[in-house]
Structures are given as C-alpha cells and as structure tokens.
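Student: I have a protein model to look at. Can you take me through it with some questions and answers?

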Amino acid sequence: METIRNWLLPLLLAAGQGVLLWPGVGPDDPPGPPALLAVLCALAVETVALGRRRTAPVRALAGTLAALVVGGLAWPDGYPGCGTLIALYSVAVRCPVPVTVRAVAAVVGVEWAGAAVQEGARPALLSDMALSLGGYVLCAGLGEGRRQWLAGRLTAARRLAGAEQARRLAGDRERRRLARELHDVSAHHLTSVVVTVDAARRLRDGRPHLAAEALSFAERTGTETLTALQRLVGLLRDTDHREHRPMSGRIEELLAGFGRLGRPVTARIPDDLAGPAAEAVHGIVREALTNALRYAPGAAARVVVRRADGLLELTVENAPPRTAPQGTGGLGAGRGVTGMRERAASAGGELTAGPTPEGGWLVRATLPDEAAPRRPDPPGWRRDVLREQRLADPALALAAMILPVACTLALSEDWPAAARRAALPGLLVVCGLLVLHALPLLWRRRAPWAVFLTVLATAWLSPAAVVAVPLPSQVAQFLACGTLVEVLAVYAVAAYGRGPSRTWPAPAAGSFGAACAVAAVSCADGVAAGEPVGAADLVLLPFALTVLLAPLFAAVWGAGLLVRRRRLRALAFDDFAFASSLWQADRAAEAERRRLAATLSDAVLTHTRELVGAARRGDLEEVAGTARAALAAMREMLRGLGDAADEGPGGPLAPSPSAADLGALCGALRAAGRDVRLRGLPEAARELPPSVQVSVYRIVEAALGAGDPGPARVTLRRRRGTLRITVTGVRLAVAGPVAERLRVQVAAGEGRIVCEPAGTLRVSLPAGAVPAPVQEVSPSTYA
C-alpha cells in the first residue's frame, strides 16, 4: 500500500503531462523528434524523483528541477513542470523551516533564470515571476501547515506513549514509594529505640539513670511509631495522601528530634523549601541521619541545603564514630542507600554516597528546584518559536498578496506601451491596496474574527481610492482580484473561530461585503465589465454578485468546518486517551495503597504496642526484644514489597516470551473470537538470539493488541540474515502511540519499520539485533 501511495501520483502526473504530447491535444507547435525525446526523458526523471519524495524530499526536488530545466529548454511553450510543486510541498512537509526556505529560493531562482534566458527582458516577465513566486510560496505554506499538524500528532503520540508507560509502571512506582515511606516511618523510630536501649543496657551498671531515660524515650517513641503507622494506614486509604505542611519546618523538626538523642547536628537550610524536591530532601536527610545513628553513634553530623542554578544541592555528612557500633546487626532493611537513590531519582535528581577520607560518611544529592525563581527567556526566544510555528500564515498571506498583483500585471500586458505607461501610477496604487487588503491574514489563527472584519473594512479602501486618486477604468477593475482575501478570511473564521455554531454569519457577510465592495468600485468608476453603470445597478449589481459569490463562500466555510471538526476530533481522542491512561495509573496506585493498608503486617503494630507496654512496665530487656522484633517484622514486610516490585503485579516473573510463543498468542486470540493467522513459524525463528526472539513476540503482541477487532495475518520471513515481520489488519497499530513506540524500539535495534495506513505493519530486523522489548498496549486505551 505504501508503494502505491508513493508512485500513484507521479504516474498519474506523468500520464497527464504525456497527453499534452498527443497531436491536437497540446499546443499547436508540438516538439520535434529530438525535443520529444528530451521531454520524455524529463518526464521519466520527474516521475522517478517524485516516487522518492517521501523518503528523500530534497533529492526529489533536485530531480524535478533538473527535469524542469531540460523540459523547458526542449519545449518552452508546452512542458508544464508540475512536479516541482509537488516536490516542494514534500520538502515543506518533511524538512525543517530553513531547508524549506532555501528550497523555495532555489526553485524560484531556477525558474526565473530559465524564463530570463528563454524570453529575455520584457514587461511580461515581471508578471510571470510574480505568479511563480506566489504559487511556490503558497505551496510551501500549505506544506508547512501540514508539517505542523503532523508534528503535533507525533507529539501527541509520544505524550500518549509516555502516559501509557506511566500507567503500566504506576503500580510498581507506588509500591516502591510505599516501601520507602514505611521504611522511613518505622526504621527511623524503631532504630532510635534499639540504639538508645542498647546503650542504656551496656552502661546501666555505671550510669543507672540512663535506664529510666531510655524507658521514657522508648515509650514516647513507641507511641509516635504507633501514631505514624496508623496515620500511614489512613493516608493509604485516602486518595489525597500528601501532606501540605511547609517542608522547611518539617526538616527542622526532624533535626531537632535527632538532637534530642544526644547527637550534635548542625544545619543550614533555606526557609522556603517546597515541592517534590523538598519532600525528597526530607526523606534523604531522615534516612541519612538514621544510618549515621545506627552505624556512627555519637558522631557529629552536618546538613547543608543550598540553591545553585535552579538546583537544590543537599549534603549530609557525619564524622567518624567515636566508638565501634555494637548490636546493630540486623537493624537495617539493607536498602537505605538504595532507597535514598530512588527517592532522589523520583524527584528528577541524582544521589551519591560513600565514605570520607577521615572515616565518616558523606551523602550528596542534586535535585531540581521547582520553587526557585525562573530566569527570563533569552532575547528573541519567543520570536523564534512563533516564527517556527507560524510560517504557514506568512506564506499564505504573501501568496494572497502576490497572486492578485500578478494577475493584475498579467492582464495589463496586452495594453499598448503608451497606455501601460499612462496607467502605471494607477497600477501601483492598485497593487498597494491589494497588499494592504491581504496583510491582516498574518493573524488569521490568533484572531480570525478580527481579521475577517478588518478585511471587510479594508475592502472599502478600493472605491475610496477610485474616487480620490482617481483611477482609470481599465485599472480600477483589477481591484476585484482582492476577493480572494475575503475567501481566505471566511475559511479562517470557520477553521479557527471560537464556537463553530456561531461562525455561520461569516459566509453570508463575506459574500455580501465583497459584492458590495466590488459594486461600489464599479459605481465609483461608472463602468462594470465594460458597460456603463446606471442608478438601477446600485441595487441590482450587489444582489447579482452576492448570488454568484454565495456558493463559493459557503463551500469554503464548509471546508473550514470539516477541517476544524477533524482537528478537534483528533485532539479529543488524544485528550481522552491521555486522561484514560492517567485515570488507570491513578487507579493502579490506589489499588496498591489499599492492598498495603489491608495487608499491613499486624506483627509490626503488635510488637510496637508491646514495646510501649514494656516501657511503661519498666522492663528494659523486653523493650529491647520487642523493638528488635518490630524491626524484623518491618524488614520482612519491606522484603515482600521489594519482591513484589521486582516480580510485578502478577506474581513471580514468568519466563520471557519468544517467537515460538506466537502460535499460542494467535491461538488465544482465535479462541476469543478474532481470526488471526500465522505463517512462517517456526522456520523463520529458528536459531534467533533470545533477545530478538523476545522482540519479535513483543512487536507482534503490540500490533495485535492495539484494539482492532477484525481478522489479522502475521507472516515471518527470514532472508540473508534479515527477519521480516508483516502484520496485516491492524489499522490501530499503524498510527498513534503504538506506532510511535514500535518505531522507537525497532530503531533501537537498527531495524526498519513501515506503517501503511491501510493497516499493514512491515518490520525488518537484523537477525542479530538486540532491540529492547516493546511494551504491551492496552486495547481499552484506544477504544
């Protein structure tokens, strides 16, 4: 299908241009045998070049230009050279703006040079040059508009692909976040109890008052742990589980708590920390100081947070331990540094941790600071972006200025030289009015109604100029060429105006306004179409012109509404799919929260209650035992969460699927009622590397899982070290997020992919390629 799309238009164009060579059809002066051969060669070169306009647009344009030069020299009056317009449109669609601008300059320069060489300097050359410039600029503008649309669709596809990936990973991310939260809440409190009680037990013979202090601390901390765990359960069951207290205050409270344990902590932090980065700072500081308390008891610690170039730089450093830590085995869950790195990565930052030369420990984190004041955009940035996004509007406005002027100059070529010299000032006035009339089209997307009303208003400058200058009758009639601008303004209102149901007055007002302006010019001039205008014509002429123009304006208005409807439907589909992915991600995260809240280990809560009771009874040994038991239960729960995160929501990881499992996949789809046929297995998949086996399965699975309900066919072929995968009947897989994800994955394996609009997917993979497995796609997302 893609081959037909590439070659159908060039072949039809070549056939249409070849008909002109038939005697009696083309110009009266057909080319001779040598010229005919040259023209046929030019047509062949043009056809071949246009066949590659989608894959190599610049080369295709160069080929059509060469064909234009050869055909124009061989048959100056008959060779049309329409392929240049198509090739220029393809360049504008597929190449950046600077390339398009250079392509327009090259095409216009070649055509102007050829016209000057063939025809020499003459007045008619000016109109020909203006017509060619207007046509090429219009063609480039339409191509640029198409490129903007396709770029927007590609951006939407990538956005949907990212949302779909986030939906797939939402449960795992929420599970890891909950593991960090549980680790921070319980480990911070319970580790403090164990360290304090162990120290009191070791020193109770020489310092008996420490036992009472340790019991009091254990009771207070155990109560705080119970409260924190119960609060965590409540937050897990509440969708709005984020705290909104200022983070700087919470960090200061955290540091004060460590200070009450007898640890000297110095800190320097800003007063306005906020956002995800500030939450990450809080968690990293808590984990770092807890580790220091566990492994470097009594050592001083320093916490510094500073801003630099839109980043938060966090440093947590502790001195070497005063004494070797005792009794700390088994206190940790073994994921302290890993948890800090995950927390920093979740906020978009980085974290490093390691020993210092003095024997202490240093944690450094760099996080993006969303609360920092933003720098103003560099000069010219907004202007460049707008120029990039709105090139189509200046091109269309320029074409609307040039084409009427070119028509005016072309129609004046038949006048005698004396009449043309006498009418030259009037022609200049007319050209200026036409340019001024089309100038508002530059803002047609931003303010379509204002542009439309301005165009209707500037149309009345023409009859005023006829009376004020005054303009000759033979010149004033050219002012009617400005009606093209009203047509484009009506289209802009229909396509970009706010409220499509309220745009219906535009075609009526446009046709009536243009008719009245033309009638006013005729009445001011006293002549209409070479006939004198009487008093009755003041009423009949606007009515007749309105009847003639109304169908044209109505058709243009309808075309604008259709384009608008298509664009809005595409955007609505994107928004729905994106919102659906976000909703499913939120539901997956909420399911994980509810699952953890329902299965939160009773052992942790039970041991913590026992710890509080033992502290109140004054049993220091029981406090130490229950605190360690609570830590062990917490560690077991964290290990379970980590295993679940590694295994995925469906339980333990199953063996990776391979190409050999495609038969089972197609069989399952047939059992579900969809006709899916598989050919080429197992011969094509024999002795493929395991990674390629997985990639083949994922590619076919993603294509078949895009949501198409109709029959499909999968064909595998292996030739000369290349595996070819063809999947037909998958219209939803050749566009949108599925196609974008497939392109990225196939490109990573140095393969090629072709997505045909008819619903055919063609993939070529080197037999030794190792592309990353393609993620699954939920059919419901695109339903």
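**A patch, some bridges and a crossover**

Tutor: Leu436, Leu439, Trp443 and Leu461 form a nonpolar patch on the surface. Patch residues have over 30% relative accessible area and no salt bridge; like charges are joined within 9 Å, nonpolar side chains (Val, Leu, Ile, Met, Phe, Trp, Tyr) within 5 Å. This is a predicted model: local features need pLDDT of at least 70, side-chain atom pairs count only at pLDDT 80 or more, and totals for chains, interfaces and linings use all residues. Residues are numbered from 1 along each chain as its sequence is written, and side-chain values use heavy atoms, with hydrogens and water left out.

Student: What accessible area do the four patch residues have together?

Tutor: Accessible areas come from the Shrake-Rupley method with a 1.4 Å probe; for residues, only the protein chains shown count as cover. Leu436, Leu439, Trp443 and Leu461 are taken together, and the area is about 340 Å².

Student: Is Leu461 buried, partly exposed or exposed?

Tutor: Buried means under 20% relative accessible area, exposed over 50%, and partly exposed in between (1.4 Å probe, protein chains only). Leu461 has 35% relative accessibility, so Leu461 counts as partly exposed.

Student: Which residue forms a salt bridge with Arg147?

Tutor: A salt bridge is a side-chain nitrogen of Lys or Arg within 4 Å of a carboxyl oxygen of Asp or Glu. For Arg147 the N to O distance is 3.1 Å. Both partners lie in helix α6 (residues 123-203), three residues apart, about one turn of the helix. Helices (H or I, at least four residues) and strands (E, at least two) are DSSP runs, numbered from the N terminus. The partner is Glu144.

Student: Are Arg147 and Glu144 buried or exposed?

Tutor: The two share one label. Arg147 and Glu144 are both buried.

Student: Which residue meets Arg677 in a salt bridge?

Tutor: Arg677 is partly exposed, with a relative accessible area of 48%. The N to O distance in its salt bridge is 2.9 Å. The partner is Asp675.

Student: What is the bridge partner of Arg677 in β9?

Tutor: Strand β8 (residues 676-679) and strand β9 (residues 712-719) pair in the parallel sense over four bridges. Two strands pair if DSSP finds at least two bridges between them. The partner of Arg677 is Arg713.

Student: Which hand does the β-α-β unit have, left or right?

Tutor: A crossover is right-handed if, with the strands pointing away from the viewer, the path from the first strand over the helix to the second runs clockwise. The unit consists of β8, helix α23 (residues 690-704) and β9, and it is left-handed.
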